[in-house]
Amino acid sequence: MELKKGYKQTEVGFIPSDWLLKVLKEICWVNQGLQIAIQNRFKDPTEKSKIYITIQFLNDGKEIEYINEYSQSVCCEKKDILMTRTGNTGIVVHDVEGVFHNNFFKINFDKNQVVRDYLVYYLKDKNTQKIILNRAGISTIPDLNHNDFYSIPIPLPPTKSEQTAIANALSDADAYISSLEKLIEKKRNIKQGAMQQLLKPKKGWEIKRLGEVLKVKHGKSQKGVEEVNGQYPILGTGGQMGVTDHFLYDKPSVLIGRKGTIDKPQFMERPFWTVDTLFYTEVFIGYNVKYIYYIFNLIDWYSFNEASGVPSLNAKTIEKIEKFFPSLLEQNKIAQILSDIDNEITSLETKLTKAKQIKQGMMQELLTGKIRLV
């Protein structure tokens, strides 16, 4: 690749000539966390207790555990940076406070050389993550030791003001992404409330067994029909898993898991093939398929589970479930209202995906100086 004027070739690729390339050892030093025995963790805090920060606590939001005995070297504040060093290596954590587990490094840094948020975004960058994982190794449990961490290269803009401008631009992108995520969650809650209200039985609605309005049909193995460039989707309980030039059914249908994931209804309007772990339905004339899909979304499917191991549903059991149905005209109206909300959510999800892609591109350009914010 031709060297662009004003840039230089480095270990991390082309960067501006006035940028510095350092390794983290030149600007950072780390503290390793503390392994606390189960008997020394508590559910009820005292005045001197601190939250115990583990990977499980961050990922699962499990019940908070506290510890009472610790040294300052293993404490972190919201302004500090943590990074997982073993197992799921390279997860960057900030804006938390407590005592951190042995699986974490606390990354201290020279404030005269680097801006905190610039360092955070650099550590989160896709290319940096590849370097971190490469340093951690490919053993059964990847482990990043101190020297591995210190050897990671980092390109630095010459001024803290440029570092701050880069961090602020990426922070603005994060804020937009966060606003979309919150709006999507709000719309999903609105949809759930609307389903509860609109599908609530009213005067004149008839109670029917599902077997009176539809027939539950079994899927078939995709072996022998899967194609590389097929035109119809092959569906499983987790969604599309391939394509084919054949279809099992070519009319609108509601699908529900027969085995495994049994609580995620799917709606299909175009021809499809479904595997044998996913039921599809043949809906009778006089009933709106989308209306039935929304009914399926409110059913507690696990209450109909017929297996002690892998969750399973039985076609006859499904057909015996009783639900209320209004006239076809009212079914159509209800389905349209809920479909409009779904369309809004889909549109927002598309925007969210695009915003994340744009931010990823911004990180690549800004953190290597291909775009300067001076």
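Visitor: Okay, which residue in β21 does Val216 stand opposite?
Guide: This is a predicted model, and in it Val216 stands opposite Thr281 in β21. The strands β14, residues 214–217, and β21, residues 278–283, run antiparallel and are joined by 4 bridges.
Visitor: How many residues does the largest nonpolar core have?
Guide: That core has 39 residues, and those with the most contacts inside it are Leu210, Ile292 and Phe296. Several elements each supply at least two of its residues, including β14, β21 and α6, but the largest share, 8 residues, comes from α8.
Visitor: What does Phe296 touch, leaving out residues up to four places away in sequence?
Guide: Among the residues that Phe296 touches are Leu210, Leu214, Val254 and Trp301.
Visitor: Switching topic: how many salt bridges does the structure hold?
Guide: It holds 17 salt bridges. In one of them, Lys191 pairs with Asp342, the closest N and O atoms being 2.9 Å apart. Lys191 lies in helix α5 and Asp342 in helix α8, so this pair ties together parts that are 151 residues apart in sequence.
Visitor: Are those two buried or exposed?
Guide: Both Lys191 and Asp342 are buried.
Visitor: Which residues are linked in a network of salt bridges?
Guide: Asp18, Glu162 and Arg372 are linked in such a network.

How values were computed:
Residues are numbered from 1 along each chain as its sequence is written. This is a predicted model: local features need pLDDT of at least 70, side-chain atom pairs count only at pLDDT 80 or more; totals for chains, interfaces and linings use all residues. Side-chain values use heavy atoms; hydrogens and water are left out. Two strands pair if DSSP finds at least two bridges between them. A nonpolar core is a set of buried Ala, Val, Leu, Ile, Met, Phe, Trp, Tyr and Cys residues joined through side-chain atoms within 4.5 Å. Buried means under 20% relative accessible area, exposed over 50%, partly exposed in between (1.4 Å probe, protein chains only). Contact means heavy atoms within 4.5 Å. A salt bridge is a side-chain nitrogen of Lys or Arg within 4 Å of a carboxyl oxygen of Asp or Glu.
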